[in-house]
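Subject: Structure for you to look at

Hello,

Here is the structure I said I would pass on. Please open it first, and then read the notes below beside it.

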Amino acid sequence: MASRTPLFDFHQRHKARMVDFADYQLPIHYAAGIIAEHHATRQSAALFDVSHMGQTRISGAGVTRLLAQLLPLLPEAIPIGAMRYSFILTPSGGIVDDLILARIREDEFILVFNASRKQRDREVLHELINTPEHKAECKVEHLDESHALLALQGPNAAAVLAALVAPTTPANESSSPADLNFMETRQFTLNIHHDGGGDGNGNGQKGGQKIPARIARCGYTGEDGFEISIHAAHAESLAETLISSGGSSGRDGAQVALAGLGARDTLRLEAALPLYGHEMDEDISPLEAGLTWAVPKALRTLATLGKGEIGCIGGGALSAALQNPDSLRWRQLALIAEDGPNARRPVRQGATCHKPNSSNSSQLAATADKTGETGVITSGGFSPTLNRTIALARIPRSWQSQPDTPFQVRIRDRSLPFRVAKSPFVEHRYRRR
Amino acid sequence: MSKHYSKDHEWVEISDTLKPVAARHLATIGISRHAEGQLGELVFVELPKIGRTFAAGEESATIESVKAASEVYAPVAGEVVEINEALSDDPGLVNRDAEGEGWLYKLNLSPDFSATTLGDTLMTEAQYNDFIKEDS
């Protein structure tokens with residue numbers, strides 16, 4: 001029986017259509033439906049329950065040394081309050097999982113991982129920690145066992161969240177989540193009403209509670225937004241407070257909609273954000289998945305100039321690949337359906353991708369995705385913003401891939417015309433300094 | 001005339017029409033409100049070509065929602081004489097009115113078709129409502 005998140009009852013109350021995902025029961029959408037929830041996120045703000053994801057706190061004197069062995073990063077150089085996108089690699093340089101690392105204090109970090117991989121991630125982490133070098137010094141706590149994670153995303157998210165910050169905060173805390181830049185995190189105290197309501201201006205009602213929450217300015221939609229980690233006991237109150245925010249403040253459209261996994265996927269696809277099990281898996285190098293940028297320049301230079309190996313698990317293979325890019329097999333592409341009767345015909349993971357006028361279809365096996373002879377769709381679906389089918393594809397590295405290059409995607413007996421799109425399909429709207 | 005439903009959630013409504021030569025039975029086919037609700041918002045509908053004939057139970061159309069593709073099986077045998085053109089630009093019409101304006105296609109049934117045999121393989125509305133209650 002799939003697990004429940006701290007918001008299970010909340011989802012039932014709000015008439016979610018539930019689905020089993022990564023062993024958790026989660027909403028695929030609510031009454032409004034996927035497309036409406038998608039538009040609400042881009043036009044206003046939406047709340048997603050992402051409590052299924054792994055949240056692990058690692059602390060102790062040797063934590064930066066440990067993390068340098070776990071991830072292709074320079075943890076000691078990460079400022080307190082900053083976050084990095086990275087991945088755990090296999091010894092041969094494939095991807096175990098992608099994740100976000102946040103530095104909370106000098107000797108304390110939080111990792112957030114995919115729900116579908118958290119068990120595997122934790123096995124790798126524990127293997128590394130249970131060595132004499134690290135065992136005595138590092139402490140690990142799995143926060144998702146006690147904490148919910150809520151994502152509030154969209155252009156109005158900052159205003160909604162700022163209104164919940166209690167007016168009196170300790171002197172050493174930042175005054176507002178709205179002051180965070182993209183990929184920054186801080187602890188805040190939120191003013192949470194028991195059953196929602198209130199005037200949306202952060203003024204406590206009788207019975208309102210002041211609850212600590214860690215807020216990170218990041219997300220998986222391409223919009224400005226936040227991920228809020230809060231003790232499970234307060235998750236429902238926070239969710240009810242957030243969805244009743246905004247409407248009474250007189251700001252048109254500043255409502256927070258509820259959104260489920262369906263919209264989460266359509267949003268991330270428009271933002272061209274990779275999804276584990278689609279754009280990445282244990283057989284794919286980050287350099288083949290369009291993720292070279294996530295390896296810090298200093299480490300890339302070290303490897304490329306042959307001055308040393310990256311010291312994490314899989315670092316040797318990663319270094320070798322950086323030194324010898326001809327050894328890489330694939331590149332990642334964004335594709336958009338051409339105008340015509342098939343502009344909205346979906347293509348999905350596994351469909352093959354070919355140069356136009358390529359050879360007879362009988363030569364192309366359905367399982368040709370890793371033979372180097374054909375490309376493959378890694379994620380595909382409908383874009384509500386662009387009102388047509390979009391897809392991410394993995395193609396042989398030698399193929400042309402400039403924007404507007406035509407490709408054909410084959411499903412059953414049809415060849416559908418696509419062209420290379422600029423990526424992301426919908427511009428990111430992150431708040432950067 | 002009332003609708004009959006298949007266990008795959010298609011509906012069929014028979015009407016009589018006088019064609020130039022002889023009386024013909026025309027069947028309008030669509031998917032049920034229940035099916036539409038299960039599928040979610042449709043983004044694409046693939047309808048058959050006019051002139052195509054189907055046996056009962058044959059795959060006749062494909063409907064795609066944001067999450068998945070679903071086959072529509074012909075609930076009765078016949079020849080496609082009309083398709084709902086509105087769906088190519090507005091597949092959401094099926095969601096808004098699955099059992100009315102969101103019809104998919106119309107079939108000319110064979111002259112020896114008898115409406116009384118519909119109940120052999122298809123359900124009445126009341127029977128279908130019981131059927132979907134069991135399903136959920």
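This is a predicted model. I begin with two places where helices pack in chain A.

Helix H3 (residues 63-70) and helix H4 (residues 118-129) of chain A have axes 11 Å apart and pack at an angle of about 125 degrees. H3(A) and H4(A) are therefore oblique to each other, and the crossing is right-handed. On the side of H3(A), the contact is made by A:Leu66, A:Gln69 and A:Leu70, and on the side of H4(A) by A:Val124, A:Leu125, A:Leu128 and A:Ile129. By class, six of the residues in the contact of H3(A) with H4(A) are nonpolar, one is polar and none is charged.

The crossing of H2(A) and H8(A) is right-handed. H2(A) contributes A:Ile34, A:Glu37, A:His38, A:Thr41 and A:Arg42 to the contact, while H8(A) contributes A:Gly262, A:Ala263, A:Thr266, A:Leu267 and A:Glu270. Sorted by class, the contact of H2(A) with H8(A) has three nonpolar, four polar and three charged residues.

How many of the 10 residues of H8(A) are buried? Nine are, and the helix is mostly covered. The buried residues are A:Leu261, A:Gly262, A:Ala263, A:Arg264, A:Thr266, A:Leu267, A:Arg268, A:Leu269 and A:Glu270. The cover over the buried residues of H8(A) includes H2, strand E2 (17-21), strand E3 (24-29), strand E4 (45-49), strand E17 (375-383) and strand E18 (388-396) of chain A. Helix H7 (residues 235-243) of chain A is also mostly covered, with eight of its nine residues buried. Among the buried residues of H7(A) are A:Ser237, A:Glu240 and A:Thr241.

Next come a few backbone details. Most residues other than glycine have a negative phi, and most peptide bonds are trans. A:Ala272 is not a glycine, yet its phi is positive, about 55 degrees. A:Ala272 follows H8(A) and lies in the loop between H8 and helix H9 (297-304) of chain A. A:Ala22, also not a glycine, has a positive phi of about 50 degrees. A:Ala22 is found in the loop between E2 and E3 of chain A. With a relative accessible area of 29%, A:Ala22 is partly exposed. There is also a cis peptide bond between A:Ser423 and A:Pro424, with omega about 5 degrees. A:Pro424 lies in the segment after E20 of chain A.

Now to the aromatic rings. Over all chains, the structure holds seven aromatic pairs. The rings of A:Phe182 and A:Tyr430 have centres 3.8 Å apart and planes at 5 degrees, so this pair is stacked. A:Phe182 is in the loop between helix H6 (157-162) and strand E11 (185-192) of chain A, and A:Tyr430 is in the segment after strand E20 (414-420) of chain A, so the pair ties together parts that are 248 residues apart in sequence. A:Tyr430 is buried, at a relative accessible area of 17%.

In chain B, B:Tyr128 and B:Phe131 form a tilted pair, 6.2 Å centre to centre with 35 degrees between the planes. Both lie in helix H4 (residues 125-135) of chain B, three residues apart, which is about one turn of the helix. An α-helix has 3.6 residues a turn, so residues three or four places apart point the same way. B:Tyr128 has 2% relative accessibility and counts as buried, whereas B:Phe131, at 24%, is partly exposed. Back in chain A, ring pairs link A:Tyr85, A:Phe87 and A:Trp293 into a cluster.

One last residue connects to several of those above. A:Glu223 lies in the loop between strand E12 (209-216) and strand E13 (225-231) of chain A. Is A:Glu223 buried or exposed? At 2% relative accessibility, A:Glu223 counts as buried. Leaving aside neighbours within four places in sequence, A:Glu223 is in contact with A:Thr41, A:Arg42, A:Gln153, A:Gly154, A:Pro155, A:Arg429 and A:Tyr430. From A:Glu223 to A:Gly262 is 39 residues in sequence and 16 Å in space, C-alpha to C-alpha.

Regards

Technical notes: Residues numbered from 1 in each chain as written. Chains lettered and ligands numbered in written order. Predicted model: local features only at pLDDT ≥ 70, side-chain atom pairs only at ≥ 80, totals over all residues. Heavy atoms only, no water. Left-handed = near helix turned anticlockwise from the far one by under 90°. Helix = DSSP H or I, 4+ residues; strand = E, 2+ residues; numbered from the N terminus. Contact = heavy atoms within 4.5 Å. Nonpolar A, V, L, I, M, F, W, Y, C, P; charged D, E, K, R; others polar. Phe/Tyr/Trp six-rings, centres within 6.5 Å; stacked < 30°, edge-to-face > 60°. Buried < 20%, exposed > 50% of the residue type's maximum accessible area, 1.4 Å probe, protein only. Axes fitted to C-alpha atoms, helices over the stretch in contact; angles between N-to-C directions. Parallel < 35°, antiparallel > 145°, perpendicular 65-115°, else oblique.
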